[in-house]
Amino acid sequence: MGFDLADARNLEQLSFEGWEPGKVRRFNAQYTSKLLITVRPPAALAARIFDDSSHHAAKQTKREAHPATVLHITLLCVGCFEAVPEGLVHRLKNTLGEIKARPVPITFDRTSLFGNRGSLALHSSHEMLEMQSLSTMLQRALWRANLPFVAPSSFAPHLALITGCGRIEPMPVEKPYSWLAGSFELVCSHVGEPQLELLARFALTPKAECYQRPESQLHLPGKIIGHSKRSMQRASAQ
């Protein structure tokens, strides 16, 4: 997912009710914890993915594979923080709890390197339209509720296996990793910790309407949405 975490224009602290001042840091994923909306594989499948990636890593790199407890697919990044912003989390739970969407079929059948060929991740050889639609629904829900998020320049579902592994060979996938995601989660990813902090889980329901084909690009007025951002836009328009 193409998050532009280093874009200085996205670094201004937004000030609105429910987001504690002084908690936001500049977007540097190396030093901060990230608030994410994710989908995670079932425990048994996550263990299989970890075993396979560990076996692959042992032959080619000193970097260790990500533990099963942190394996996830990022649907949307809310932002980076020094500590969990409790007021913002409360508002996010209320908004995300209102989303009605169907379970998402997921299949990863190949791996590739990304980030200057520095990390290994699972990908799919086919479009994952349902997941793209769910990501779009999340963006629209947060935008309508005037909640912040980092709008991706593009959405390419992937699951990171090994970070900073250098120019290693892609891991062969003899049997695709497939599951039906019945929920999505709001989590905090703390740098250096071997697990994600679960803040809330939201069920997907087969009773929801079928996903519509996602737009080629979701047009939003800004990468981070908030009162101060919109005030600046109104002022510039005048």
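**Close-up views of a predicted model**

Figure 1. Phe114 is partly exposed, since its relative accessible area is 30%, in a model that is predicted. The residue belongs to strand β4, which spans residues 110-114. Leaving aside residues up to four places away in sequence, Phe114 is in contact with Ser119, Leu120, Ala121 and His158. Thr163 is 49 residues away from Phe114 along the chain, yet 9.5 Å separates the C-alpha atoms of the two.

**Figure 2. Overall arrangement of secondary structure.** The protein contains four helices and nine strands. Their order along the sequence is β-α-β-α-β-β-β-α-β-β-β-β-α. The protein has 238 residues, and 47% of them count as buried.

**Figure 3. Crossing of helices α2 and α3.** Helix α2 comprises residues 86-96 and helix α3 residues 129-144; their axes come within 10 Å and cross at roughly 120 degrees. The two helices are therefore oblique to each other. The crossing of α2 past α3 is right-handed. On the α2 side the contact is formed by Leu92, Thr95 and Leu96, and on the α3 side by Leu138, Ala141 and Leu142. By residue type, this contact consists of five nonpolar residues and one polar residue, with no charged residue.

**Figure 4. Buried residues of helix α2 and their cover.** The buried residues of α2 are Gly87, Leu88, Val89, Leu92, Thr95 and Leu96. Helix α3 is one of the elements that cover these buried residues. The cover also includes the strands β1 (33-39), β2 (73-81), β8 (183-189) and β9 (197-203).

**Figure 5. The largest nonpolar core and a separate core.** The largest nonpolar core has 55 residues, of which Leu35, Ile37, Leu96, Ile106 and Leu186 touch the most other members. With residues up to four places away in sequence not counted, Ile106 touches Val39, Ile73, Met128, Met131, Tyr177, Ser178, Trp179 and Ala181. Another core, of five residues, lies apart from the largest one; Leu36, Cys77, Val187 and Leu196 are among its members.

Note on methods:
Residues numbered from 1 in each chain as written. Predicted model: local features only at pLDDT ≥ 70, side-chain atom pairs only at ≥ 80, totals over all residues. Heavy atoms only, no water. Axes fitted to C-alpha atoms, helices over the stretch in contact; angles between N-to-C directions. Parallel < 35°, antiparallel > 145°, perpendicular 65-115°, else oblique. Left-handed = near helix turned anticlockwise from the far one by under 90°. Contact = heavy atoms within 4.5 Å. Nonpolar A, V, L, I, M, F, W, Y, C, P; charged D, E, K, R; others polar. Core = buried A, V, L, I, M, F, W, Y, C linked by side-chain atoms within 4.5 Å. Buried < 20%, exposed > 50% of the residue type's maximum accessible area, 1.4 Å probe, protein only.
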